[in-house]
Amino acid sequence: MQISEVIGKKALQANLADYEEACRRFDWEDVCKELTFFDNGQMNIAYNAIDRHCKTWRKDKTALIWEDEDGHRKEFTFLEARRITDKIANLLKGLGVQKGDRVFLYLPRLPELYFSVIAAAKLGAIAGPLFSAFGPEGVRDRLGDSEAKVLITTPELQKRVEGICKDLPALEQILLVGGRGPLGPGEASFEAEFEKASELFRAEPMDPEDPLYILYTSGTTGRPKGVVHVHNDMISYYITSRFVLDLRDEDVYWCTADPGWATGTVYGLFGPWLNGATQVAYEGRFDPDQWHSLIERNKVTVWYTAPTPLRLLMAAGEPYAGRYNLKSLRHILSVGEPLNPEVIRWSMHVYGLPVHDTWWQTETGSMMIANYPAMPIKVGSMGKPFPGVAAAIIDIEGNELPPGHTGFLAIKPGWPSMLRQIWRDPARYREYFRVRGWYVTGDTAYVDNDGYYWFVGRADDVINTSGHRVGPYEIESVLVEHPAIAEAGVIGKPDPERGQIIKAFIALKNGFDPSEQLKEEIRRFVRERLATHAYPREIEFRDSLPKTRSGKIIRRVLKAWDLGLPPGDLSVME
Ligand code: PRX
């Protein structure tokens with residue numbers, strides 16, 4: 001077990017002042033009392049996130065500060081957010097969108113993205129935010145599987161996925177944000193429809209178990225899985241934002257994640273607004289100067305980001321932080337990948353604050369393990385389970401392991417934001433619950449004698465590159481479409497900056513020779529088809545790849561090749 005370095009408890013008036021005490025007293029029912037339910041236990045998360053605040057002094061408080069990298073800036077109060085989301089809900093209704101229909105959003109981080117997700121929820125439609133780095137195959141897989149009825153996008157992004165519509169019979173309407181050119185069949189201008197839409201919309205009363213959004217995520221095998229969350233999730237979103245992000249009325253909060261990922265949807269949209277917080281959305285690439293000046297200009301107080309950008313900021317050096325007045329910051333958090341101790345020490349030095357690690361997954365819907373402002377941090381640990389959440393380290397049979405033993409990280413089902421289904425794939429949903437009595441996360445970890453959890457790794461082949469979860473199968477499927485490639489196997493290779501990079505082992509067809517030029521062409525091939533964030537940065541050509549007798553590529557051997565280690569038991573090999 002690691003010897004821990006403890007960063008002491010800060011005398012803060014944190015929303016969660018005493019972790020142990022909160023765990024003893026915690027009851028999800030009490031959290032519900034702080035939120036609005038309609039008659040018969042019905043509810044709507046969008047009503048709670050926006051409309052509810054318009055009945056209080058918060059109506060004139062800023063809900064969203066939006067900026068882009070070209071210096072554009074807009075602000076919206078809660079009242080304006082209500083008006084806009086009401087109009088978008090009416091617009092969607094006018095297009096024939098009904099409760100349960102899928103409305104997908106393939107947009108940069110524009111205000112329209114944030115407001116359309118809320119509007120879809122108001123109407124009872126199921127939102128599907130898509131990361132704008134996806135290419136045609138990534139988008140087609142997701143729209144096809146979900147049978148999306150409406151797609152909201154920009155003309156630029158639409159152009160990137162040109163040609164996929166013929167494979168999407170359920171897609172009826174494309175709404176173009178910022179579209180000025182001529183419109184084709186089934187296309188409409190978002191702005192023109194918005195102007196026409198009427199003002200008032202009463203949020204649809206929803207059953208707590210009604211679906212809210214689908215986020216696609218990757219496993220070891222198969223196509224991406226549509227993780228379905230429901231309106232009831234709001235209970236977890238509200239209280240984790242309150243206790244872990246520690247949001248208060250005077251805060252200006254910035255979550256750097258895109259709503260195409262769970263962090264962006266839950267903590268860059270719903271969670272903070274459920275708490276009536278002012279949040280910043282930034283449409284732009286990572287850049288140390290841009291990021292620091294955004295914090296300075298907006299006096300950001302609470303900042304939720306990820307290890308990769310923090311490592312990049314660290315690599316950029318102190319001068320970048322030194323040029324800006326960052327004294328407004330009072331709380332920094334991170335998620336998505338292991339947070340290195342060096343980053344926390346560097347952050348103490350540069351920002352005068354530690355980074356608080358949090359652990360969760362698309363499937364858990366909200367933070368499960370975290371470091372709380374009023375709890376000492378053991379540098380390198382993910383922290384302790386959220387009050388009301390029962391986590392454990394188990395073996396394959398579901399027995400709980402004692403402190404110090406590495407095993408499967410698992411959670412007792414029953415927290416409000418647990419995934420409710422894998423869209424139209426009950427078999428893949430059941431896999432999460434294969435160990436009786438537990439939700440199995442797919443991560444390995446151990447717990448120490450003080451109850452702190454320590455991340456060890458993934459129990460499967462899922463790749464985590466710059467905090468983005470990528471399935472090797474998706475990349476392999478695109479690779480084998482390349483005319484020169486006979487076989488491809490993909491692994492995550494450890495990388496000091498990005499956590500892991502994607503590495504492909506490739507066997508070429510007869511008549512093709514390895515070359516640097518071919519490697520470059522293969523990288524471009526994947527970037528253009530699948531996604532600009534998920535392509536093999538490293539490629540190694542081999543004469544053939546290790547396979548089982550049934551023809552499955554053995555990634556374990558690829559990983560051993562990569563590290564120059566013995567490949568282990570090869571008895572299953574062809
Ligand atoms: O392996 C864990 C890693 O990210 C996975 C979840 O990925 P995703 O569903 O995309 O959600 C990302 C954030 C909500 C986990 O199974 N992960 C997440 N947080 C941490 C982490 N690994 C190490 N430390 C963390 N704090």
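How many Å separate a polar side-chain atom of Arg 469 from an oxygen atom of the ligand? I looked this up and got 2.6 Å.

**Ground rules**

I am working with a predicted model, where local features need pLDDT of at least 70, side-chain atom pairs count only at pLDDT 80 or more, and totals for chains, interfaces and linings use all residues. I number residues from 1 along each chain as its sequence is written, and side-chain values use heavy atoms, with hydrogens and water left out.

**Ligand**

For Arg 458, I read 2.8 Å between a side-chain N or O atom and an oxygen atom of the ligand. For Gln 361, the separation between a side-chain N or O atom and a ligand oxygen is 2.9 Å. I then checked the cover: alone, the ligand exposes 540 Å², and the protein buries 96% of that. Those accessible areas come from the Shrake-Rupley method with a 1.4 Å probe.

Next I listed the shell, taking a residue as near if one of its heavy atoms lies within 4 Å of the molecule. There are 16 residues around the ligand, and Thr 358, Gln 361, Thr 362, Arg 458 and Arg 469 come nearest. I sorted the shell by class and found five nonpolar, six polar and five charged residues. In this scheme Gly counts as polar, and Asp, Glu, Lys and Arg count as charged.

Which strand gives the most to the shell? I found β15, with three residues. Both β15 (355–359) and β23 (453–458) supply at least two residues each. Strands here are DSSP runs of E, at least two residues long; helices are runs of H or I, at least four long.

**Cysteines**

I looked for disulfides, meaning pairs of cysteine sulfur atoms within 2.5 Å. I counted zero.

Cys 23 is partly exposed at 29%, while Cys 54 is buried at 9%.

**Ala 197**

I found Ala 197 in the loop between α8 (190–196) and β9 (211–217). Is Ala 197 buried or exposed? I noted it as buried, at 12% relative accessibility. Beyond its neighbours within four places in sequence, Ala 197 is in contact with Lys 87, Asn 90 and Leu 91; contact means heavy atoms within 4.5 Å. I also checked Leu 92: its C-alpha is 9.0 Å from that of Ala 197, across 105 residues of sequence.

Technical notes
Buried means under 20% relative accessible area, exposed over 50%, partly exposed in between (1.4 Å probe, protein chains only). A polar contact is a pair of N or O atoms within 3.5 Å; within protein, one must be able to donate a hydrogen and the other to accept it, and residues adjacent in sequence count only if both atoms are side-chain atoms.
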